[in-house]
Amino acid sequence: GREHAICKFLNISDKIDRIYCFPGNAGTKQIAENVEIDLENFENIKNFTLNNKIDFLIVGPEKPLVDGIVDYLEEHNIKVFGPNKLASQLEGSKIFTKKLCENFNIPTAKFGVFYKIDEAENFLKKCNYPIVIKADGLAAGKGVYISENNSEANLAIKEIFNGKFGQAKQIL
């Protein structure tokens, strides 16, 4: 949806001649040329950009941002809009963001960071419900539980540590 909305409004501009989407979707196909490129292969993205004389890139998906695509493209003098790798940690790690808020006295909910199931379960014994439990890292818009009681919270912790959203080393 985000990429489609960006393309829709770029398409309104008389300064835009052509729009490409990597990889695109059914919505962007009506506005742009969808291009199948592996978003983890920065070299291919750079080459496509240069070969097609693309003036400016807007990065939508979180994973390439967290992996440093903006830094990579800027190193090759390609104009790109999106947060660099360091700034992308705000989205890429919920724990990083919470600790940043804590360090700079930015209001945020109380939290705990846990590396083992039993540590998290012990923390839950002192909590009021409902409680939010999050897998650290990118989870494709998932990885967040709102647990109404201790039983739901314990299940969430087990699912996260057992790999439901990829290998979790820590949870929030």
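Student: What makes up the largest nonpolar core here, and which residues have the most contacts inside it?

Tutor: That core has 17 residues, and Phe-22, Phe-48, Leu-57, Ile-69 and Leu-73 have the most contacts inside it. The name applies to a set of buried Ala, Val, Leu, Ile, Met, Phe, Trp, Tyr and Cys residues joined through side-chain atoms within 4.5 Å. Helix H3 (42-51) and helix H5 (69-75) each give two or more residues to this core, and H5 has the largest share, 4 residues. Helices here are DSSP runs of H or I with at least four residues, strands are E runs of at least two, and both are numbered from the N terminus.

A word on the model: it is predicted, so local features need pLDDT of at least 70 and side-chain atom pairs pLDDT 80 or more, while totals for chains, interfaces and linings use all residues. Residues are numbered from 1 along each chain as its sequence is written, and side-chain values use heavy atoms, without hydrogens and water.

Student: Why is Lys-53 called exposed?

Tutor: Its relative accessibility is 69%. Exposed means over 50%, buried under 20%, and partly exposed in between (1.4 Å probe, protein chains only), so Lys-53 counts as exposed. Lys-53 sits in the loop between H3 and E3.

Student: What makes the phi of Lys-53 worth a remark?

Tutor: Phi is near 50 degrees there, a positive value in a residue other than glycine. Most residues other than glycine have a negative phi. Asn-105 also has a positive phi, about 55 degrees, and lies in the loop between helix H7 (94-103) and H8.

Student: How do you know which classes line the largest pocket?

Tutor: Its lining has 20 nonpolar, 4 polar and 6 charged residues. Ala, Val, Leu, Ile, Met, Phe, Trp, Tyr, Cys and Pro count as nonpolar, Asp, Glu, Lys and Arg as charged, and the others, Gly among them, as polar.
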